[in-house]
Amino acid sequence: MGILEFILMSFLVILAIAVVFARDLLAATIVFLVYSLIMAIVFTQLKAPDVALTEAAVGAGITTLLFIITIAKTTRREEE
Amino acid sequence: MTTVVIQTIGRILVPFIQLFGLYVIIHGPVSPGGGFQGGVIVGASMILLALSYDLSSAEARASHKVRIAMDSTGALLFAGIGLVALLAGGFFLEYGIIPLPMAPAEVRGIFILLVGVAIGIHIMALAASLFLHLAEEHEI
Amino acid sequence: MRFEFIAVNFPYFVSVALLLVGLYAMIVRKNLIKKIMGLNIFSTSVLFFLIAAGYKEGGAPPIRVPGIEVYVNPLPHALVLTGIVVALALTTFALALVIKIYKEYGTIDSDKL
Amino acid sequence: MDHAPILVVIAPFVGAYLIPLLGLWKEKLCYPVATVAALLSAFFSFWLTASVLELGTIRYYVGGWEPPWGIELVVDPLSAFMCLTISLVSLFAVIYSKNYIGRELPGGKTTSYYTLILLLIGGMLGAVVTGDLFNLFVLTEIFSVAAYALVCIGRKRGSLIASYRYLILASIGTSLILLGTGYLYVVTGTLNMADLAARLPALYDSWVVIGAMAFLVVGFGIKTALFPLHTWLPDAHSIAPAPISVILSALVIKVGAYSIIRVLFSIFGVEFITGPIPIASVLTWVAAVGILMGSLFAISQTDIKRMLAYSSVAHIGYVVMGVGLAMEIGMTGGILHIFNHALAKGCLFFCAGAVIYQTGIRSIDDFRGLGSKMPVTMAAFTLAAASMVGIPPTAGFMSKLYLALGTLEAGAWVFLIVILVGSFLTAVFYLRVVNLIYFGESRVKSQESRVGVGDSRLQTPDSRLFREVPLTMLIPIIILALGCTLFGIFVFIPLSVVEPAVKLLLGN
Amino acid sequence: MIKQVASLIVLLGIGIILTMAVIDMPAFGDPEAPAHRHVAPRYIALAEEETGVTNMVTAILADYRGYDTLGELTVIFAAGAAVLSLLGSKHE
């Protein structure tokens, strides 16, 4: 495991924390998209191309879109 | 202006995305991907259509009834393949036993592809369905 | 080095951290959509753990190419594909519920329901 | 007919795949298809039980691959017992749905309803026959998703929130189950239960194994609604439509309990769970607290379905207590109680549904004088309540007797007292209802007591209140009520399956 | 407030169990780990010969553990039916 994987994996944790603590739900969704993409890259690094393809299509694609629709139909701000 | 650009790009992209999705389904046995991934990609093309035009044009391409029919057909195809193996005297989903004029491994290969296609049909309808249901009555 | 195992098993520790972050979002955050994001982070952490467990130093992706003999473990990959689909199913239904809840109650804050 | 283990699962699934297609064409076809699918799986369950009792454990290799590589279905007496319970009670629930759902659900939802109920049944049956840990996770997820959706299908006030809370808590559970499965895979390299059981004894002191067990037990504990993890249950079980309440309360939580039994006894083994980490006795204590708290909560309820839901929290405690005792008589009582409680609680929820269907009454106080208005339903209610309390010679008495004998043999007096106090508390709240039914003064004349309680569609003229429910609802009620009594007298019939199951679990 | 503290205690407990388990785990990437020595070698060695496909993941998904995949399909099918039951369709 090289230094690149270390950095990517640490980044995953930071992004996850950012998703949880962002007040703006749309911003959280965008961060979640980046999280899924980095997860897909890490999966490629771990020699799992099938899973990476699925994670990119589902996590970064469909799931993010569904979150955006839901936020559009409900509310964008997380209340205090 | 932006709408025109988005619509044009969408119209150009959608066939290519669908073609790529079908490629991913068909090449599941030899390269990364398979029925599920390809199905999601084709489903995503319908979503792109809905996003760049509006929901009704996506509905026009694949209506509610068509989607439900594809959905059930895919699942029934998979379960049906399993039951055919059972009728041929093997275990459920034991493709190798199905009497085709080939070596058992090749028969299995064919049915693995067929199962991928069944999953693809199922998922492409469902991915579009899930999106359209959530987005209904609301233009985005 | 006493703490060498952290470097060796670093991916496993990452999965633990992601799991705790996701679980925190699910049980402490009040926003219903945030809880669902937490659910997604939680399940990806488990899937990430499985993929990491399937990795083999020097292994190739599990698609047979003539001449290569060492491949990573393909079984966790198959399990994870199933896991991703399950998470997608749960997320979709949960989001549909959130839309309906907002229509009926006008809020998506679990304290105000 | 060697294929019964897979057909019992596939029959409801294929029915579920067919129903949306048929629903596009003719919505009226959904009910018969669902009934046929449920009947088929009931038939296969009977076949399965008969052949298990005759031939011993059946192993079925899906796809023709031998166990550690492919998925193996293992039907031992315990699985067959669960199959029989699940397919019988859910068959009645499907039959009962015809009239009840026709009135409760708006048009267009019936198709989804029958699809989901078949997926729920198929998922539960699949979970009890599988011999593969990951497959158990997948099938648990199938019936869970169906259950979340069915809780809020009736669109009562609060049903969305109940469903959402159920979903969030239960998904924590399923994710923990997947994590535990992954941990076991990492240290053993296999997912097959029998193979795991063979490989684990060498690893008993590993923290990975201990963590895996903790996650699996907590995960399935959430599904089972074990006491501190029960918070989702009362809302979900009381808001769901009556046939769904029956399946949730009588079966879904029992499948969770079954999974705990499988994990503890078939994977980890008796030595491990009673050894250095005494998880079995922890479970017994948790169950004891659950019995007392569940019964106390039930006493304070005014809504009949909420009362029944809290009573389920208490009664799952009896099951888990029997399992936690980890010895023959106690476990016989616990597993027998799965069946007896399914019959009795199914009957009670059916009766409550019948009352709601006919009169819109949900409040216990309004049950006054119903005994003369709906005599058959109320007689069945009384019989089932007697079985819940454990009055001889009902079925509930027999399982509690075995449990009590088990605690005596284990020398655990505390638990005997808990069982007695729990039965007393159960008697308090069930006899209160029965007393109101037969000796309370009827309030039917005062219309205002019903206003605002039931659905507006249920505000019908008085003459309607004096009738029994339609036959499709009455027959399941009568059969389950008779079962509560007959299986108490002829207790050897369920015991003929339970006893070999317990012997097998405890390793002879 | 009490709820928050209770949640944090639960998180802490799970975190401790997880950390203990991870410390006991076989080293990451070790080719000799138990997970790589049992069951999986057969897929790697024989998947092409037995099923005629070179992608081992596809072979496992569609053949060796095909029943799981049928279950996965059923989960997403259930989600589709669930969303339909909740949101309905404007065509009905």
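1. Chain A and chain D do not touch, and the nearest C-alpha atoms of these two chains lie 15 Å apart. Please keep in mind, here and in every point below, that this is a predicted model.

2. Chains A and C, by contrast, do meet: among the nine pairs of chains that touch, the pair of A and C has the most contacts. On the side of chain C, 43 residues take part, and they are in contact with 43 residues of chain A. The area buried between chain C and chain A comes to about 3900 Å², and carbon and sulfur atoms give 77% of that area.

3. Which helices of chain C supply at least two residues each to the side that touches chain A? They are helix H2 (10–27), helix H3 (32–54) and helix H4 (74–105). The largest share comes from H4(C), which supplies eleven residues of the side of chain C that touches chain A. Sorted by class, this side of chain C holds 30 nonpolar, eight polar and five charged residues.

4. The axes of H3(C) and helix H6 (residues 159–188) of chain D come within 10 Å and cross at roughly 10 degrees. Because angles under 35 degrees count as roughly parallel, H3(C) is described as roughly parallel to H6(D).

5. The residues that make this helix contact include Leu39(C), Phe42(C), Val46(C) and Leu50(C) from H3(C), and among those from H6(D) are Leu167(D), Ile168(D), Leu179(D) and Tyr183(D). Lys35(C) and Ser43(C) of H3(C) also belong to the contact, as do Ser171(D) and Gly182(D) of H6(D). By class, the contact of H3(C) with H6(D) has 18 nonpolar, four polar and one charged residues.

6. Over all chains, a search of the whole structure finds 16 salt bridges. One salt bridge joins the side chains of Glu104(C) and Arg157(D), with a distance of 3.9 Å from N to O. This pair crosses between chains, since Glu104(C) sits in helix H4 of chain C, while Arg157(D) sits in the loop between helix H5 (133–151) and H6 of chain D.

Methods:
Residues numbered from 1 in each chain as written. Chains lettered and ligands numbered in written order. Predicted model: local features only at pLDDT ≥ 70, side-chain atom pairs only at ≥ 80, totals over all residues. Heavy atoms only, no water. Contact = heavy atoms within 4.5 Å. Buried area = accessible area lost by both parts, 1.4 Å probe. Helix = DSSP H or I, 4+ residues; strand = E, 2+ residues; numbered from the N terminus. Nonpolar A, V, L, I, M, F, W, Y, C, P; charged D, E, K, R; others polar. Axes fitted to C-alpha atoms, helices over the stretch in contact; angles between N-to-C directions. Parallel < 35°, antiparallel > 145°, perpendicular 65-115°, else oblique. Salt bridge = Lys/Arg side-chain N within 4 Å of Asp/Glu carboxyl O.
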